[in-house]
Amino acid sequence: MNKKTSISILLKSKPEGQTVTVKGWVRTFRNNQFIALNDGSIITSMQIVVDRELLSEDVLKRITPGTALIATGKLIESQGRGQTMELVAEEILITGDSNPETYPLQPKRHSLEFLRKNGHLRFRTNTFGAIFRIRHHLAFAIHKFFNDRGFFYLNTPIVTGSDAEGAGEMFAVTAMDLGAIPRTEEGEIDYKQDFFGKETNLTVSGQLEAELGALALGNVYTFGPTFRAENSNTTRHLAEFWMIEPEIAFADLKDDMDLAENMLQYVIGYVLEKCDKDLAFLAERLENEDKNKPQAERAQPLLEKLKFVVENEFERLTYTEAFNILRNSKPNKKGKFAYPIDEWGVDLQSEHERYLVEKKFKKPVILTDYPKDIKAFYMRMNDDGKTVAAMDILVPGIGELIGGSQREERLDVLHARMKEMNIPTDEMQWYLDTRVYGTCPHAGFGLGFERLVLFVTGMSNIRDVIPFPRYPGSAEF
Ligand code: 4AD
Ligand code: MG
């Protein structure tokens, strides 16, 4: 097959009548003469000028939205407005016809709901092309950030026998015949007869295993699929999402916060540079969408928001300080919060997090030192005996983007805490052993990758920033 040149590369070259070949899918075909061809490499489509003398009527008729074709011709400076260059086609080879009667993607604006229903084709729109190119560059930037700083990429198991967060929202993994589940004499499910000889689930976090790696390799990070069977039908939750979990040895909570803040600023700075065209497109999209909303409900312009995050330090405060701010806030006093803030120790809801970042501080906020009762068993107990060395990073429009902590490295304290929280210590000896043999202060955090993509693209539904979303009631493809 003829070698193809991607449109992203061609657009950087000087059009001087050289012969080139492009391969892609027709977006529009205007006046029976101008094809907008997109090959996915960049948001910009190449204008292909068709010489009707050279093409049969039959071929012309087959050029409709969605048609896949290979065009060869001369690349010249564009005569028309709206593009810098165009390809004057000498040959067009159609590899796949479309059907203008039934093809769902017409050359007009489609709603996101419509595109979600046609999820198999939504990749072919400008919006989703931009989102998934940005998603790729964000993933790459994350790997680069950690690699450049000496972190090792550690793959933790997807099928696991432990419940890392102790929240119990897991999907069971089994090879048992569900119609004839083996039982013990006591009538319990007999997992000994299952594939792994024990109860297993899809992982909710790779953290506990990452800790094993960090306490030998120094600094590690995971980047893998994560599963939660919580029945959260929200625009911020997925049942299958990707999480990045760095774990750093000989580190405390401040080191952890510094790492998280630096990482976010680095990766956002990276895509601001690399994905300028896609971001500009999404920024304009957001602006158009917001035009009809009252001023107060409009989102901050996307590029302005991203630049602000890169250039400004995050606000850091403790849960207790945030609690006092929230308790005395207008919406709380006027009963506007669905969950009123009254007693110290309550968990913060998304409405509270968003009040802090969007109304009070107008920037990302790192909340630290949460009450122990609303956090996981592995977080390090503070001297007050009431709070733990936890940190959550909250960002505008989303709420919690990152959750992390310094880990409880003291064997006796950890052991007591696990007992208190009914975490089975005998099954977790492998975890406790890191504290038995050569323990050290260490810390880490989890970044929800889709929430990051959501934040960077300015989209409002998490189902739109993962290629194949899984959520309650839906596991298509
Ligand atoms: O706060 P979480 O539950 O923290 C942990 O799992 C720790 N083990 C992380 C660590 O310290 N290594 O989850 C971390 C992040 C959240 O801040 C959120 O961004 C994302 O994961 N997240 C989800 N994203 C999409 N859908 C869901 N259902 C999510 N649940 C958590
Ligand atoms: Mg959390």
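Guide: Gladly! Two strands pair if DSSP finds at least two bridges between them. Keep in mind that this is a predicted model.

Visitor: What makes strand 14 and strand 15 a pair?

Guide: Strand 14 (residues 387-395) and strand 15 (residues 399-406) share 6 bridges in the antiparallel sense. The cut-off is at least two bridges, so the two strands count as paired. One of the bridges joins L394 to E400 in strand 15.

Visitor: Why are strand 6 and strand 12 called edge strands?

Guide: The open sheet has 8 strands in the order 6-10-11-16-15-14-13-12, with mixed pairing. Strand 6 (152-153) and strand 12 (315-318) each pair on one side only.

Visitor: Why is T387 called buried?

Guide: T387, which belongs to strand 14, has 4% relative accessibility. Buried means under 20%, so T387 qualifies.

Visitor: How do you know that the buried residues of helix 9 are on the same side?

Guide: Y319, A322, F323 and L326 are buried in helix 9 (residues 319-327). They lie on the same side because they cover an arc of only 105° around the axis. An α-helix has 3.6 residues a turn, so residues three or four places apart point the same way. The buried residues of helix 9 pack against strand 12, helix 10 (330-333), helix 11 (350-360) and strand 13 (365-371).

Conventions: Residues are numbered from 1 along each chain as its sequence is written. Chains are lettered from A and ligands numbered from 1 in the order in which they are written. This is a predicted model: local features need pLDDT of at least 70, side-chain atom pairs count only at pLDDT 80 or more; totals for chains, interfaces and linings use all residues. Side-chain values use heavy atoms; hydrogens and water are left out. Helices (H or I, at least four residues) and strands (E, at least two) are DSSP runs, numbered from the N terminus. Buried means under 20% relative accessible area, exposed over 50%, partly exposed in between (1.4 Å probe, protein chains only). The arc is that of the directions from the helix axis to the C-beta atoms. Contact means heavy atoms within 4.5 Å.
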